[in-house]
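Hi,

Here is the structure I promised to pass on. Have a look at it first, and then read my notes below.

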Amino acid sequence: VGGTGKGSGDRAVTPLGGEFPRVEIHANAIDNVLSHDFVVRSRTATVVVERLAAALLGIGITIATAWLTSVWGLVAAVLLAAGYFAYAQYLLVADHVLVGVVFPAAVVFGTFGFLAGFRYFTEGREKRRLRHAFEHYLHPEVISSVVEDPSRLTLGG
């Protein structure tokens, strides 16, 4: 069928090793086809899985970013992306189905970045507004304590 000797010149570099005889590469490909052990990328199924996962992950990270602090929101983003990556890896190993991981991960981290940045700028603007409103009437230490914890701002003495 083909030569496998080192000096034959019919060798190729593969992910599994340095120099591999090309006839072995072809034999492995034929064996995978005959035993139905190959990776499938069904265009419709993977697009549906990717888009559904991106939508669910986007909703999840939106809720997490709205309710959690920035650090815990980042932890949630990493956990959601890692969970989807593990699911995609499971589909690849168990069912030989290849699904994309870039789009859902981009949705998770893009949504988190946008929402965390939005919260940062709006909270900063609110703190500046409070500071400016009270700087003429209160001592600077009192203003700092109100900006740090707005719940302490109540009517009364």
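**Helix packing and the core**

Helix H2 (residues 43-67) and helix H4 (residues 102-134) have axes that come within 8 Å and cross at roughly 25°. Keep in mind as you read that this is a predicted model. Angles under 35 degrees count as roughly parallel, so H2 and H4 are roughly parallel to each other. Their crossing is right-handed.

If you want to find this contact on screen, pick out Glu50, Ala54, Leu57, Gly58, Ile61, Thr62, Thr65 and Ala66 on the H2 side. On the H4 side, the contact is made by Phe103, Pro104, Val107, Val108, Thr111, Phe112, Leu115, Ala116 and Arg119. Sorted by class, the contact of H2 with H4 has 11 nonpolar, 4 polar and 2 charged residues.

The largest nonpolar core has 13 residues, and the ones that touch the most other members are Ile61, Ala77, Tyr84, Val99, Val108 and Phe112. H2, H3 and H4 each supply at least two residues of this core, with the largest share, 5 residues, coming from H3.

Leaving aside residues up to four places away in sequence, Phe112 touches Ile61, Thr65, Ser70, Gly73, Leu74 and Ala77.

Now to the other partner of H4. The axes of H4 and helix H5 (residues 140-148) come within 10 Å and cross at roughly 150°. Over 145 degrees counts as roughly antiparallel, so that is how H4 and H5 run relative to each other. H4 passes H5 in a right-handed crossing. Here Lys127, Leu130, Arg131 and Phe134 in H4 meet Ile143, Ser144 and Val147 in H5. By class, the residues of this contact divide into 4 nonpolar, 1 polar and 2 charged.

One last thing, about the backbone. Most residues other than glycine have a negative phi. His96 is not a glycine, yet has a positive phi of about 60°. You'll find His96 in the loop between helix H3 (70-95) and H4. Is His96 buried, partly exposed or exposed? Its relative accessibility is 26%, so His96 counts as partly exposed; the buried class is for values under 20%.

Cheers

Notes. Residues numbered from 1 in each chain as written. Predicted model: local features only at pLDDT ≥ 70, side-chain atom pairs only at ≥ 80, totals over all residues. Heavy atoms only, no water. Axes fitted to C-alpha atoms, helices over the stretch in contact; angles between N-to-C directions. Helix = DSSP H or I, 4+ residues; strand = E, 2+ residues; numbered from the N terminus. Parallel < 35°, antiparallel > 145°, perpendicular 65-115°, else oblique. Left-handed = near helix turned anticlockwise from the far one by under 90°. Contact = heavy atoms within 4.5 Å. Nonpolar A, V, L, I, M, F, W, Y, C, P; charged D, E, K, R; others polar. Buried < 20%, exposed > 50% of the residue type's maximum accessible area, 1.4 Å probe, protein only. Core = buried A, V, L, I, M, F, W, Y, C linked by side-chain atoms within 4.5 Å.
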